[in-house]
Amino acid sequence: AGGRLRLGIIPGPTGDLEPHQFADHGRLATGTICGEFLTATNQDNTLSPRLALNWKPNKTGTQWAFNLRQGVKFQDGSPLTAADVIATFNRNSDPAIGGGALSAFKGVLKAGNIAAANGGKTVVFSLDAPTAAFPYLCSNTTYQTIIQPSTYKLGQFAKGGTTTGPFRLTSYTSGIGAK
């Protein structure tokens, strides 16, 4: 714990470092050093668990239940909850906020169609239509879905906003660098 990781990311981030607006590899690479997703897409296109231990659809594929890893904490010490996952996905599927994940979620997930279950240990996504690939939309292939606290305010990420990842971003200057 503690220590320094020095990376050169080419191309670097090309704009605002706000997770729901990530639109290029530079922002994704910078953001994922700090943040985590429910699932992760591997090089062979299989999925691995990250903040979700496992996931399962209903019989019709219109709902997906993700069981959350227990004991996970954000860097500020607060526990990861279903409310955090719900807030992150609501932000990413709400046209009024205008994030980059809207193209992935159009016709698949609407803001407000996500609920906690099983005493907050599970998050259930109610989809607009059966979607077999939905767990991939909860991975690093949808750059914007880094899980953030439900109390997250837009603009906090680049100023040291808390995530569940191994590193915390403390400052960011577009075109210059990130610490």
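1. A residue counts as buried when its relative accessible area is under 20%, as exposed when that value is over 50%, and as partly exposed in between. The model discussed here is a predicted one. By this cut-off Phe66 is buried, because its relative accessible area is 0%. Trp55, with a relative accessibility of 22%, is partly exposed.

2. Four strands form an open sheet in the order 3-4-6-5, with antiparallel pairing. From one strand to the next, the twist averages 20°.

3. How many bridges pair strand 3 with strand 4? The two strands are antiparallel and pair over five bridges. Along this pairing, Trp55 stands opposite Phe66, and Asn54 has Asn67 as its bridge partner. The hairpin made by these strands has five residues between them, and Gly61 in that hairpin takes a positive phi near 75°.

4. Strand 4 also pairs with strand 6 (residues 122-126), again through five bridges and in the antiparallel sense.

5. In strand 4, the covered face holds Trp64, Phe66 and Leu68, while the uncovered face holds Gln63, Ala65 and Asn67.

6. The aromatic residues form the next topic. A pair of aromatic rings is described by the distance of the centres and the angle of the planes. The search of the whole structure finds seven aromatic pairs. One of them joins Trp55 and Phe66, which are stacked at 6.1 Å centre to centre with 25° between the planes. This pair links distant parts of the chain: Trp55 belongs to strand 3 (residues 52-57) and Phe66 to strand 4 (residues 63-68), eleven residues apart.

7. Which arrangement, stacked or edge-to-face, do Phe66 and Phe134 adopt? Their pair is edge-to-face, with 6.1 Å between the centres and 75° between the planes. Phe66 is in strand 4 and Phe134 in helix 4 (residues 134-137), so this pair ties together parts 68 residues apart in sequence. Phe134 is buried, at 0% relative accessibility. Ring pairs link Trp55, Phe66, Phe89, Phe105, Phe125 and Phe134 into a cluster.

8. A separate point concerns Thr162, located in the loop between helix 4 and strand 7 (172-173). Thr162 is buried at 10% relative accessibility. A polar atom of the Thr162 side chain lies 2.9 Å from the backbone nitrogen of Gln75, and the Thr162 side chain reaches the backbone nitrogen of Asp76 at 3.1 Å. Setting aside neighbours within four places in sequence, the residues in contact with Thr162 are Phe74, Gln75, Asp76, Pro149 and Arg168.

9. Finally, the cysteines. How many disulfides does the structure hold? The number is zero. Cys34 is buried, with a relative accessible area of 5%. Cys138 is likewise buried, at 0% relative accessibility.

Conventions:
Residues numbered from 1 in each chain as written. Predicted model: local features only at pLDDT ≥ 70, side-chain atom pairs only at ≥ 80, totals over all residues. Heavy atoms only, no water. Phe/Tyr/Trp six-rings, centres within 6.5 Å; stacked < 30°, edge-to-face > 60°. Buried < 20%, exposed > 50% of the residue type's maximum accessible area, 1.4 Å probe, protein only. Pairing = 2+ DSSP bridges. Axes fitted to C-alpha atoms, helices over the stretch in contact; angles between N-to-C directions. Polar contact = N/O pair within 3.5 Å; in protein donor to acceptor, adjacent residues only side chain to side chain. Contact = heavy atoms within 4.5 Å. Disulfide = S-S within 2.5 Å.
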